[in-house]
Amino acid sequence: MTRYLGVADLQRMVAEIGTPTMLADITHFIRDDFLRWQSFQKSARTANHSPGGVIELMPASDETFFAFKYVNGHPCNPLQQLPTVMAFGVLAEVATGYPLLLSELTITTALRTAATSVLAARHLARADSRCMALIGNGAQSEFQAIAFMDALGIREIRAYDVDRSATDKLLANLAPYIRSGRLQVIATESVREALAGADIVTTLTADKSRATILTPDMIVAGMHLNAVGGDCPGKTELDARILQQATVVVEFEPQTRIEGELQQLPADFPVVELWQILQGLENGRIRADEITVFDSVGFALEDLSALRYLHQRASAMDIGRQLEIVPRLLDPKDLYGYALGKAASPATAH
């Protein structure tokens, strides 16, 4: 049988385990898989674009597991009371192709995106970073704020969104951390104001356009930019000149060249893949005054890592339910007989 994790199951998991712990656990799983980078079959995701958005399939596998994620990106969905991003995924065993897990991945995608952000920032941000600007306060913002607070010691968030109600929502959701004194959140009136004094800048905008959210005059020496929102062709957040003066790190270069901030630059612009830093083959930040950019577009291996984690934890906690989405045949060759409702074919009946 295939284990199924629905939205309510993820809600239960987050409630029982806690967001900070889940973020830390998923970060660990992603790091472990990036350290085995060469073990995986990898490809850029398949994307079908429409005027209103994009629908994508994201596969990855090693010798043990195959995973894929179905995910969309439709910036106008909130006008219809739908999330901008919705996702589900499957984890299967490679030896037989049997689907082990079918899971929601909308909540999980936000968790794994924030986990990957802090994994990169550990090597790219200054160790003394305490203030982060959060540009775009929508669905992923709290996950990023909590991840950076818990893993990197961020104590001040300077938040900005063109929709002030999104910032108010962020403040309300982070209230327990604010009341405890672990985090200060300041609502700002502009991108420029949000960046004032920031050590790290995380951009999470959703508009499917070639936007310029950050310009070079806003950037100061030593900043780390966690550029998350530019994640499909024709969608950017940074002025290209920022990239030209920075050390740029990516997940999977062939995909980022098409979808990330890199799409603004020549094909030979130098970048480093995150796995190379994690394996010690390349350096992360070298100087305190260096400007670093993590051009994050989201990669299928991160989803495989997250699905491995969900499968392990759900099995241990006995969360979810069993689904028969693959027939259980007494005679594996008699699919027709099974389709007609026969319990067993004549060849196997006794």
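Predicted model: local features only at pLDDT ≥ 70, side-chain atom pairs only at ≥ 80, totals over all residues.
Helix H1 (residues 7-17) and helix H2 are in contact, their axes coming within 6 Å and crossing at roughly 100°. With angles of 65 to 115 degrees counted as roughly perpendicular, H1 and H2 therefore fall into that class. On the H1 side the contact is formed by Met13, Val14 and Ile17, and on the H2 side by Thr19, Thr21 and Met22. Classified by residue type, this contact contains four nonpolar and two polar residues, with no charged residues.

Helix H2 (residues 19-34) also packs against helix H3 (residues 106-124), where the axes come within 8 Å and the crossing angle is roughly 65°. H2 and H3 are therefore likewise assigned as roughly perpendicular to each other. The crossing of H2 past H3 is right-handed. H2 contributes Thr19, Met22, Leu23, Ile26, Thr27, Ile30 and Arg31 to the contact, while H3 contributes Leu111, Arg112, Ala114, Ala115, Thr116, Val118, Leu119 and Arg122. These residues divide into nine nonpolar, three polar and three charged.

H3 passes H4 in a crossing that is right-handed. The H3 residues involved are Ala110, Leu111, Thr113, Ala114, Ser117, Val118, Ala121 and Arg122, and they meet Phe143, Gln144, Ala147, Phe148, Ala151 and Leu152 of H4. By class, the contact of H3 with H4 consists of 10 nonpolar residues, three polar residues and one charged residue.

Apart from residues up to four places away in sequence, threonine 116 touches Ile30, Glu251, Leu274, Phe294 and Glu302.

When neighbours within four places in sequence are left aside, alanine 306 is in contact with Thr108 and Arg112. The C-alpha atom of alanine 306 is separated by 11 Å from that of glutamate 104, although the two residues are 202 positions apart along the chain.

Threonine 205 is placed in the loop between strand S10 (200-203) and strand S11 (210-214). Its C-alpha atom is 7.8 Å from that of glycine 230, a residue 25 positions away in sequence. Excluding residues up to four places away in sequence, the contacts of threonine 205 are with Ile135, Ile213, Gly229, Lys235 and Glu237.

The number of disulfides in the model is zero. Cysteine 76 is not part of a disulfide, and the nearest cysteine sulfur, belonging to cysteine 232, lies 13 Å away. A disulfide would require the two sulfur atoms to be within 2.5 Å. Cysteine 76 is exposed, at 51% relative accessibility. Cysteine 232 is likewise in no disulfide, with the sulfur of cysteine 76 as the nearest at 13 Å. At 3% relative accessibility, cysteine 232 is buried.

Backbone torsions were also examined. Most residues other than glycine have a negative phi. Glutamine 81, which is not a glycine, has a positive phi near 60°. Glutamine 81 occurs in the loop between strand S4 (65-73) and strand S5 (87-93) and is exposed, with a relative accessibility of 72%. Aspartate 318 also has a positive phi, about 55°, without being a glycine. The loop holding aspartate 318 runs between helix H11 (300-317) and strand S17 (321-323). Aspartate 318 is exposed, its relative accessible area being 57%.

How values were computed. Residues numbered from 1 in each chain as written. Heavy atoms only, no water. Axes fitted to C-alpha atoms, helices over the stretch in contact; angles between N-to-C directions. Helix = DSSP H or I, 4+ residues; strand = E, 2+ residues; numbered from the N terminus. Parallel < 35°, antiparallel > 145°, perpendicular 65-115°, else oblique. Left-handed = near helix turned anticlockwise from the far one by under 90°. Contact = heavy atoms within 4.5 Å. Nonpolar A, V, L, I, M, F, W, Y, C, P; charged D, E, K, R; others polar. Buried < 20%, exposed > 50% of the residue type's maximum accessible area, 1.4 Å probe, protein only.
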